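Please keep the sequence and the three-dimensional view at hand while reading.

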Amino acid sequence: MPTPPLLLALFLLLLAAAPRPAAPASTDRAALLAFRASLSPPSRAALSSWYGPLSASWLGVSLHPPAAAGVAAPPSVAALALPGLNLSGSLPAPPLALLRRLRELDLSANALSGELPCTLPRSLVDLDLSRNALSGAVPTCLPASLQALRTLNLSANSLRSPLSPWFSFSSRLVALDFSRNALSGAVPPRIVADPDASGLLLLDLSHNRFSGEIPAGITEIRGLQGLFLADNHLSGEIPSGIGNLTYLQALDLSNNRLSGAVPAGLAGCFQLLYLRLGGNQLSGALRPELDALDSLKVLDLSNNRISGDIPLPLAGCRSLEVVILSGNEITGELSGAVVKWQSLRSLSLAHNQLSGQLPDWMFSFPLLQWLDLSGNRIEGFIPDGGFNASSVLNGAGGAQGIPSGGMISPQLFVSASVDATGQQLELGYDLRAAPGIDLSTNMLHGEIPEGLVAMKGLEYLNLSCNYLAGQIPAGLGGMGRLRTLDFSHNGLSGEVPPAIAAMTELEALNLSYNSLSGPMPTTGGLRKFPGALAGNPGICNGEGCTADAGMTEGEMSGGNRHGWLGGWHGEGGWVSPGAFCISTMTSFFVSLVTLLSSPKARSFVFRPVRIEY
């Protein structure tokens, strides 16, 4: 009989020789292959690396760490990131539901369609389905089925219908972005179930069709750092409790139907960096409490009914870089509060009721890129000083221009995202504007300063519809970056500087309705602007020039301060009716030819003319 040690050795030998059980099959591998199979055939090629055993070599797949040594367990998917691969077909919800341990899903910037399911893995922490073609309603079951969600991005789809009034997420949610859809109805009264315990930092419902008032419950989410409700149909007043959001850094309520005054409670948002309330029906003067916003960088209150002088309280906002107050009812003279904004990059006070003269410090901001004071009642001379202060306007760089043929007016883009820690909002803005100055449609007179045309970095210069006189400065030809030039509807005299024809970057030129005289420049550079000299009867074509071509401004126009129909005078100084009709019709057709002759010319829109008597 074998001894016990011999029996033990025999047992161990038999155990080693026995076949081992196979590792469990990977259900996640089968789910991913089903996901690929459900896509449209052309987009499956992007996932050609999905073959063989499931591993981290599969495109966009991240796996959970392997189980402890000696434990046979199939690999499981922790994250699936397939952004921007042009995947198409219906959103493969059933295969995704089989990924039981999936924490991160990023299918953004594809062409996936269909409706949102309620069967996505409950383990999801970060979900990004933005920039697809998803449609239908946002299901009410979504918050309840995804209790672990930290970030949810469904922006830039075709989601419709109102959100349920009971639509509410758990306190774990940090960022919610439903922007750029067609969601309608009222904003749910409680986006998060417990505002006091909520970790929500970013709420973006902009570019939808929400209506009604801004719910007061939003002002109870005290940790909120970014609130974007722009481009909806919201009405009523801005909630008075907005000042409760003491961590708020970005507030964008622009392009709605909000009314009432800008609330003094905004001063409670003392960390505010970006404030955009433009395109509403806000009225009244700004409150002195806004002086507390000393960190504010961007202020946009354009196209409202804000009245009063340029508010002195804004002098305390010394960090301002972009100020847009255009399209309001602001009166009085340019306040000395403005000069304290030494970080200023863009200032627009266009289409208000400002009066008085341009101050000497108007061009003295070292970082200035865009200045628009058009459509006011500013009078006096253009100050001949401070033009060399701005490095951008003098061609030293630092400006992000706009592409050829693009919009002239500045475009401002504010971006927001949650950092990797999930505890802080990352904010930034992008100002896209050609370096430019617009003083058109005012009551300025005198000559154009030489210093103004010495700003080599200017790409846009508009002095039209004023009372400017004298000759066009010869230094204009040195503005090698200038793309748009408008001196129309003034009283400028003398000959057209030949150097203008050599300005190769020039895309739009308008010198019409002045008292310019002399031979028409024959160089090829002006031939692409056929209507640029309309309404200057002293200009001749070089072959049939008359003695009148060399007349002075006074001989040409008499009291024609605006340059209207200069030289087209009958007896006693009255304008000939026939000459008036001919001039009007000629100007119309020549301008029409100009607009239709080239794409670049069509991008230039002539400013409306305001005649001052």
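## A residue in the core

Leaving out residues up to four places away in sequence, Phe 178 touches Val 138, Leu 152, Leu 154, Ser 155, Leu 163, Phe 167, Phe 169, Leu 183, Asp 204, Leu 205 and Asn 208. Here a contact means heavy atoms within 4.5 Å. The structure is a predicted model, in which local features need pLDDT of at least 70 and side-chain atom pairs count only at pLDDT 80 or more, while totals for chains, interfaces and linings use all residues. Residues are numbered from 1 along each chain as its sequence is written, and side-chain values use heavy atoms, with hydrogens and water left out.

## The nonpolar cores

Phe 178 is also one of the residues that touch the most other members in the largest nonpolar core, which has 132 residues. A nonpolar core is a set of buried Ala, Val, Leu, Ile, Met, Phe, Trp, Tyr and Cys residues joined through side-chain atoms within 4.5 Å. Buried means under 20% relative accessible area, exposed means over 50%, and partly exposed lies in between (1.4 Å probe, protein chains only).

The element that gives the most is α2, with 3 residues. A second, separate core has 16 residues, including Val 174, Leu 201, Tyr 274 and Leu 412.

## The chain as a whole

The protein chain contains 8 helices and 38 strands. These elements are DSSP runs numbered from the N terminus: helices are H or I with at least four residues, and strands are E with at least two. Of the 613 residues in the chain, 50% are buried.

Among the contacts with a separation of 6 or more, 54% are between residues 24 or more positions apart. The accessible surface comes to about 26800 Å², and 57% of it belongs to carbon and sulfur atoms. Such areas come from the Shrake-Rupley method with a 1.4 Å probe; for residues, only the protein chains shown count as cover.

## The parallel sheet

How many strands form the open sheet, and in what order? There are 12, arranged as β3-β5-β7-β9-β11-β13-β15-β17-β19-β21-β23-β25, with parallel pairing. The edges are held by β3 (88-90) and β25 (353-354); each has a single partner strand, so one side of each is left without a neighbour in the sheet. Two strands pair if DSSP finds at least two bridges between them.

Several pairs illustrate the arrangement. Strand β5 (residues 111-114) runs parallel to strand β7 (residues 133-136) over 2 bridges, and Gly 114 stands opposite Leu 134 in β7. Strand β13 (residues 209-212) is joined in parallel to strand β15 (residues 233-237) by 2 bridges, with Ser 211 facing its bridge partner His 233 in β15. In turn, 3 bridges link β15 to strand β17 (residues 257-260), again in parallel, and Glu 237 stands opposite Ser 259 in β17.

## Strand β2 and its partners

Strand β2 (residues 77-81) has 4 of its 5 residues buried, so it is largely enclosed by the rest of the structure. Strand β1 (residues 61-63) pairs with β2 in the antiparallel sense over 3 bridges, and the bridge partner of Leu 63 in β2 is Val 77. With strand β4 (residues 104-106), β2 pairs in the parallel sense over 3 bridges; there, Leu 80 stands opposite Leu 105 in β4.

## Cysteines and a loop serine

A search of the whole structure finds 1 disulfide, defined as a pair of cysteine sulfur atoms within 2.5 Å. The disulfide joins Cys 118 to Cys 141, with an S to S distance of 1.4 Å. Cys 118 lies in the loop between β5 and β6 (126-128), and Cys 141 lies in helix α5 (residues 141-145), so the pair ties together parts that are 23 residues apart in sequence. Cys 118 is partly exposed at 31% relative accessibility, and Cys 141 is partly exposed at 30%. By contrast, Cys 269 is buried at 0%, and Cys 317 is buried at 0%.

Is Ser 164 buried or exposed? Ser 164 is buried, with a relative accessible area of 14%. This residue sits in the loop between β9 (158-162) and β10 (175-177). Apart from neighbours within four places in sequence, Ser 164 is in contact with Thr 140 and Pro 188.
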